[in-house]
Amino acid sequence: RRGECQRPGLRTTACLRTTACLRTTVLEGLRLSLTTFTVAPIRAAHVDRHTAGFAMLWGPLVGAALAALAAAVLFVGRQVFQGPTVWISSVRTELLMPPLLASALAVATLAVLSRGLHLDGLADTVDGLASHRPAEQALAVMSEGPVGALGATALMLCLLTDVLALATSTLEHHGTQALLMAVLTSRVAML
């Protein structure tokens with residue numbers, strides 16, 4: 001039929017030249033990108049190398065959406081959890097405290113919405129490299145389920161650094177920009 005992909009099970013370069021097939025592949029790429037990089041339970045109906053290619057191209061836009069949600073959490077967190085007010089010599093002054101709680105909530109939002117995919121990879125990589133075993137055995141350590149002590153330490157240091165960096169940027173009124181740039185840079189680096 002006209003307007004539909006004639007070969008949904010077998011997409012070729014010639015098939016992608018048709019508007020219907022290209023539209024189907026691009027939308028399937030978006031679905032694959034959402035299900036791979038987020039917690040959204042959307043499954044792509046058909047996955048091939050063309051769909052996977054479009055999924056990677058959608059990655060920065062999906063990351064921008066995640067960053068926008070985390071920035072909203074950061075903004076709301078800053079409004080709700082403002083720093084303490086201190087009275088010194090009958091003068092009301094605001095104590096400059098970094099917005100640690102709001103930053104922690106924003107980083108946690110990113111981790112949860114992205115299914116902790118990058119955090120799991122970090123822990124597995126550190127465990128594999130710290131095992132001091134030959135490559136095949138190190139890969140086996142990486143594919144095992146439990147996280148080792150060094151993997152957990154790397155996770156804690158990574159998350160602590162993320163929260164402190166975001167809190168510092170937020171104090172300088174660049175929190176949203178820092179959040180967006182960090183997430184977009186990480187997604188563009190995949191391309």
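## Labels and their cut-offs

Visitor: Why is A40 called partly exposed?

Guide: Its relative accessible area is 22%. Buried means under 20%, exposed means over 50%, and partly exposed lies in between (1.4 Å probe, protein chains only). At 22%, A40 therefore counts as partly exposed.

Visitor: What kind of model is this?

Guide: It is predicted: local features need pLDDT of at least 70, side-chain atom pairs count only at pLDDT 80 or more, and totals for chains, interfaces and linings use all residues. Residues are numbered from 1 along each chain as its sequence is written, and side-chain values use heavy atoms, with hydrogens and water left out.

Visitor: Where does A40 sit, and what does A40 touch?

Guide: A40 is in the loop between α1 (19-37) and α2. Contact means heavy atoms within 4.5 Å. Setting aside neighbours within four places in sequence, A40 contacts L34 and T35. S114 is 74 residues away in sequence, yet the two C-alpha atoms are 9.1 Å apart.

Visitor: How many helices and strands are there?

Guide: Seven helices and two strands. Both are DSSP runs numbered from the N terminus: helices are H or I with at least four residues, strands are E with at least two. The order from the N terminus is α-α-β-β-α-α-α-α-α.

Visitor: How much of the chain counts as buried?

Guide: 30% of its 191 residues. As for contacts with a separation of 6 or more, 63% join residues 24 or more positions apart.

Visitor: What makes a group of residues a nonpolar core?

Guide: Its members are buried Ala, Val, Leu, Ile, Met, Phe, Trp, Tyr or Cys, joined through side-chain atoms within 4.5 Å. The largest one here has 13 residues, and L74, L110, L166 and L179 have the most contacts inside it. At least two residues of this core come from each of α2, α3, α6 (149-171) and α7 (175-188). α2 gives the most, with five.

Visitor: Which residues does L166 touch, beyond its neighbours within four places in sequence?

Guide: L74, S103, A106, V107, G175 and L179.

Visitor: How do you know that D127 has no salt bridge?

Guide: A salt bridge puts a side-chain nitrogen of Lys or Arg within 4 Å of a carboxyl oxygen of Asp or Glu. The nearest side chain of opposite charge to D127 is R133, 11 Å away. Lys and Arg count as positive, Asp and Glu as negative; His and the chain ends are not counted. D127 is buried without a salt bridge. It lies in helix α4. Beyond four places in sequence, its contacts are V141, P146, V147, G148, A149, L150 and G151.

Visitor: What makes a nonpolar patch?

Guide: Patch residues have over 30% relative accessible area and no salt bridge; nonpolar side chains (Val, Leu, Ile, Met, Phe, Trp, Tyr) are joined within 5 Å, like charges within 9 Å. Here F75, V76, V80, F81, L101 and L105 form a nonpolar patch on the surface, with about 580 Å² of accessible area together. Areas come from the Shrake-Rupley method with a 1.4 Å probe; for residues, only the protein chains shown count as cover. α2 (49-80) and α3 (100-113) each supply at least two patch residues. α2 gives the most, with three.

Visitor: What makes the phi of H132 worth a look?

Guide: Most residues other than glycine have a negative phi. H132 has a positive phi, near 55°, and is not glycine. H173 also has a positive phi, about 65°, and is not a glycine.

Visitor: Where are these two, and why are they called exposed?

Guide: H132 is in the loop between α4 (117-130) and α5 (135-143). Its relative accessibility is 73%, so H132 counts as exposed. H173 is in the loop between α6 and α7. At 65%, H173 is therefore exposed.
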